[in-house]
Amino acid sequence: MMCYTDWMTLVEKDDGRADELWVLTDEDLWLVGKTLKVRFLDDRIPAWPNDGRGHITEEEILKIANEWHQCGVEQGKDVVPEFVPCGADDTADIRVKFIVDSGCPRSKVGTAATRVKAGDPTMWLDLKSPDNCPSLYKRTIRHEFGHALDLKHEHQHPDAPPLTDPRKLKEYLTQRLPPAEIDEKIRVQWAALARGASQKSKYDKESVMHYLIPEVVRANKYVGPTELPIELSDCDKTNIVLFYSKDTGSGTDRDDGPGGSIVDDSGENGSKGNIKPEDFASFPRPKLVDLINIVGVRVKVKWRSIGLGLGFKDWELNGIYATKCRELDPPQECMTEGFSQWKSGLKSEYSWKKLAEVLVLPAVNEIELSGSYVPKLTNKK
Ligand SMILES: [Zn+2]
C-alpha cells in the first residue's frame with residue numbers, strides 16, 4: 001500500500017524553543033515499568049472530518065499507544081511504561097490536546113514532559129487520515145507515544161545513511177518556513193543525533209519513528225523507507241524493551257567508561273555515590289584540557305543542560321551553536337566553546353565544585369560522572 005502524507009504531517013513542530021532543546025540534550029527515560037497517567041484535555045475527541053468513521057475513543061487511542069507496553073509483556077519483561085487514563089488531573093504525566101484546524105502532531109520526548117507547566121499539553125494529536133492512508137492516525141499515535149517514551153527520530157540515528165540532500169532539504173524548508181527557523185528546524189528534526197543511550201540499536205528504516213523522506217529532498221542513493229512506516233517494526237518491538245531493561249543492552253556500542261552513565265532511575269533519588277559537590281571545594285581551578293577530556297567528551301550531548309546550569313542564557317547557547325553547527329562534531333565543539341567561555345568567570349564560579357553541582361542537577365543527571373573525576377584529579381595532584 002502506498003501511503004504518503006503531506007509535508008505538514010511530516011514536519012512536527014515543537015511548542016517552545018527552550019523545550020525543543022531538551023529533545024537533543026537529554027536522555028529522558030521514565031522509571032522502568034512506571035504507570036504513566038494520561039489526561040485528555042479536550043472534553044471530547046474531535047471527529048475525523050469527512051471520513052465517516054466518527055469518533056475514536058480514549059480507550060482506543062491508549063490501546064494503540066500501549067502496543068509499546070505490550071512489547072514488554074509479550075517478551076516476558078514488563079518494563080515498558082503503561083499508559084493509563086486518568087480524569088481531570090493537572091499532574092497527569094502525559095497531557096494530550098487535539099489539533100482541530102492547523103498544526104502538527106508533536107510530543108515532548110520522555111521525561112521532558114515533566115518540565116511542562118502543570119495543566120499544559122505535553123502532546124498534540126491530529127488523527128485525521130487521508131483516503132490514501134486510512135491508517136495514518138494509528139501511525140501518529142504510535143509515533144507520538146513513542147516520543148513520550150523517549151524515542152527519538154530514527155532518521156536522526158547517528159548511523160543512518162545519508163537520507164536527504166542538504167541543499168534540497170534547505171530549499172524545501174525555505175519554501176515553507178521563515179528563514180530564521182530553518183537551521184534550527186534542521187538541527188532539531190533532521191540532523192543526526194549525537195550517540196547516546198537511545199541509540200543502542202542499529203538504524204532501522206522500518207521504525208515507526210522514521211519519517212518518510214519526501215522524494216524531492218532525498219539523497220542521491222536514498223535507501224530509507226519508500227512508504228510511511230505505520231506499524232511498530234520488529235526492531236521497534238525489541239528495542240523498546242531493551243531501552244527499558246536495566247540488565248541488558250546497555251552500552252553495546254558506546255563508550256561506557258566510569259562516567260558514561262546510562263540513564264538510571266536510581267539516580268532520581270539523589271546522589272548514590274558518597275562524593276558530594278562540597279567535596280570539590282578544595283580542588284584547584286580546573287584546567288580547560290581536563291574539563292574537556294574528563295567531562296566534556298563523555299557528556300557532550302548534554303552540553304546545553306550543562307551550559308544552562310553553569311549560568312549561560314538560552315540565547316547565548318544558541319549563539320554558540322550557530323558558530324559551531326557546521327563543525328564535524330557540533331556537540332563536542334559547543335561543549336568546548338562553552339567551557340572556555342565559562343573559564344572567563346563571568347557566568348558562574350569557575351571551579352570543579354560548581355561543575356559537580358551542575359552534573360547532579362536532575363536535568364543533567366550525571367551523578368556517577370561527578371564522582372568519577374575525583375580519583376583522576378587526585379592522581380594529578
Ligand atoms: Zn516525531
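The following questions and answers go through a predicted model of one protein chain.

Me: What should I know about the numbering and the model before I start?
Reply: Residues are numbered from 1 along each chain as its sequence is written, and side-chain values use heavy atoms, with hydrogens and water left out. Because this is a predicted model, local features need pLDDT of at least 70 and side-chain atom pairs count only at pLDDT 80 or more, while totals for chains, interfaces and linings use all residues.

Me: How many helices and strands does the secondary structure of the chain come to?
Reply: Helices (H or I, at least four residues) and strands (E, at least two) are DSSP runs, numbered from the N terminus. Counted in that way, the chain has 14 helices and five strands.

Me: What percentage of the residues of the chain count as buried?
Reply: A residue is buried under 20% relative accessible area, exposed over 50% and partly exposed in between, using a 1.4 Å probe and protein chains only. Of the 381 residues of the chain, the share that counts as buried is 52%.

Me: Which residues touch the most other members of the largest nonpolar core?
Reply: A nonpolar core is a set of buried Ala, Val, Leu, Ile, Met, Phe, Trp, Tyr and Cys residues joined through side-chain atoms within 4.5 Å. The largest one holds 36 residues, and the elements that give two or more residues to it include strand 1 (35–40), helix 3 (58–65) and helix 5 (136–148). The members touching the most others are Ile61, Phe83 and Phe145.

Me: Which residues is Ile61 in contact with, leaving aside its neighbours within four places in sequence?
Reply: Contact means heavy atoms within 4.5 Å. With its neighbours within four places in sequence left aside, Ile61 is in contact with Phe40, Ile45, Ile56, Phe98, Leu125, Leu127, Ile141 and Phe145.

Me: Is Asp150 buried or exposed?
Reply: Asp150 lies in the loop between helix 5 and helix 6 (166–174), and it has a positive phi of about 85 degrees although it is not a glycine. Its relative accessible area is 2%, so Asp150 is buried.

Me: Which residues is Lys343 in contact with, leaving aside its neighbours within four places in sequence?
Reply: Lys343 sits in the loop between helix 12 (330–342) and helix 13 (352–359), and it is partly exposed, with a relative accessible area of 37%. Its C-alpha atom is separated by 9.4 Å from that of a residue 58 residues apart along the chain. Leaving aside neighbours within four places in sequence, the contacts of Lys343 are Arg285 and Tyr350.

Me: What distance separates the C-alpha atoms of Asp90 and Arg39?
Reply: Asp90 is found in the loop between strand 2 (82–85) and strand 3, where it counts as partly exposed at 41% relative accessibility. Leaving aside neighbours within four places in sequence, Asp90 is in contact with Arg39, Arg95, Ala118 and Gly119. Asp90 and Arg39 are 51 residues apart along the chain, and their C-alpha atoms are separated by 8.1 Å.

Me: Why is helix 4 described as roughly perpendicular to helix 8?
Reply: Axes are lines fitted to C-alpha atoms, for helices over the stretch in contact, and angles run from 0 to 180 degrees between N-to-C directions. Angles under 35 degrees count as roughly parallel, over 145 as roughly antiparallel, 65 to 115 as roughly perpendicular and the rest as oblique. Helix 4 and helix 8 have axes 9 Å apart and pack at an angle of about 75 degrees, which makes helix 4 roughly perpendicular to helix 8.

Me: Which residues of helix 4 and helix 8 meet?
Reply: The residues of this contact divide into four nonpolar, one polar and two charged, where Ala, Val, Leu, Ile, Met, Phe, Trp, Tyr, Cys and Pro count as nonpolar, Asp, Glu, Lys and Arg as charged, and the others, Gly among them, as polar. Trp68, Cys71 and Gly72 in helix 4 meet, in helix 8, Asp236, Lys237, Ile240 and Val241.

Me: At what angle do the axes of helix 11 and helix 12 cross?
Reply: Among the residues that meet here are Ile320 and Tyr321 in helix 11 and Pro330 and Glu333 in helix 12. The residues of the contact divide into four nonpolar, two polar and three charged. The axes of helix 11 (residues 314–324) and helix 12 come within 9 Å, and they cross at roughly 130 degrees.
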